[in-house]
Amino acid sequence: MTCIRCGHEVHESKTTEAIELKNGLLVIRNIPCYKCDACDEIQFTGEVQKKIEMIIQKAEEQMQEVAIVEYHNVA
């Protein structure tokens, strides 16, 4: 798999994303991804992206001001 930004090879990794929602801040830790060593671009598979969107939707419904979740515990 190659980087969509620079074309270099990417490798499997994990990342943390902070997402600002209308009712607070959601931090998702240890999200599986592909990362480029050359430019640090992060890429998610379609399946992971769908799960992230589901996590965001649930967080918007239930969240208080700040939530920190482990990807594998909520995906």
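Modeller: Let's start at Y71: leaving out residues up to four places away in sequence, Y71 touches I28, R29, N30, I31, P32, V48, K51, I52 and I55. Contact here means heavy atoms within 4.5 Å. Before going on, some ground rules: this is a predicted model, where local features need pLDDT of at least 70, side-chain atom pairs count only at pLDDT 80 or more, and totals for chains, interfaces and linings use all residues. Residues are numbered from 1 along each chain as its sequence is written, and side-chain values use heavy atoms, with hydrogens and water left out.

Y71 belongs to the largest nonpolar core, which has 14 residues; L21, L26, I28, I52 and Y71 touch the most other members. Strand 1 (10–21), strand 2 (24–36), helix 1 (46–62) and strand 4 (66–70) are the elements that give two or more residues to this core. Helix 1 gives the most, with five residues. For the terms, such a core is a set of buried Ala, Val, Leu, Ile, Met, Phe, Trp, Tyr and Cys residues joined through side-chain atoms within 4.5 Å. Buried is under 20% relative accessible area, exposed is over 50%, and partly exposed is in between (1.4 Å probe, protein chains only). Helices (H or I, at least four residues) and strands (E, at least two) are DSSP runs, numbered from the N terminus.

R29 makes a salt bridge with E70, with 3.0 Å between the closest N and O atoms. That pair links distant parts of the chain, as R29 is in strand 2 and E70 in strand 4, 41 residues apart. R29 is partly exposed at 38% relative accessible area, and E70 counts as partly exposed at 24%. The rule for a salt bridge is a side-chain nitrogen of Lys or Arg within 4 Å of a carboxyl oxygen of Asp or Glu.

N30 sits in strand 2 and is partly exposed, at 28% relative accessible area. Its backbone is worth a look: phi of N30 is near 60°, a positive value in a residue other than glycine. R29 and N30 turn up again among the contacts of T15, which include I28, I31, C33, I42 and F44 when neighbours within four places in sequence are left aside. T15 lies in strand 1 and counts as buried, at 13% relative accessibility.

R5 is exposed, at 57%, whereas E41 is buried, at 16%. Another salt bridge joins the side chains of K35 and D40 (4.0 Å, N to O). D40 lies in the loop between strand 2 and strand 3, with phi near 65°, a positive value in a residue other than glycine.

How far to trust the details? pLDDT, the predictor's confidence in each residue from 0 to 100, averages 93 over the protein chain, and 100% of the residues score at least 70. Confidence is lowest in strand 4, at a mean of 85, and highest in strand 3, at 97.
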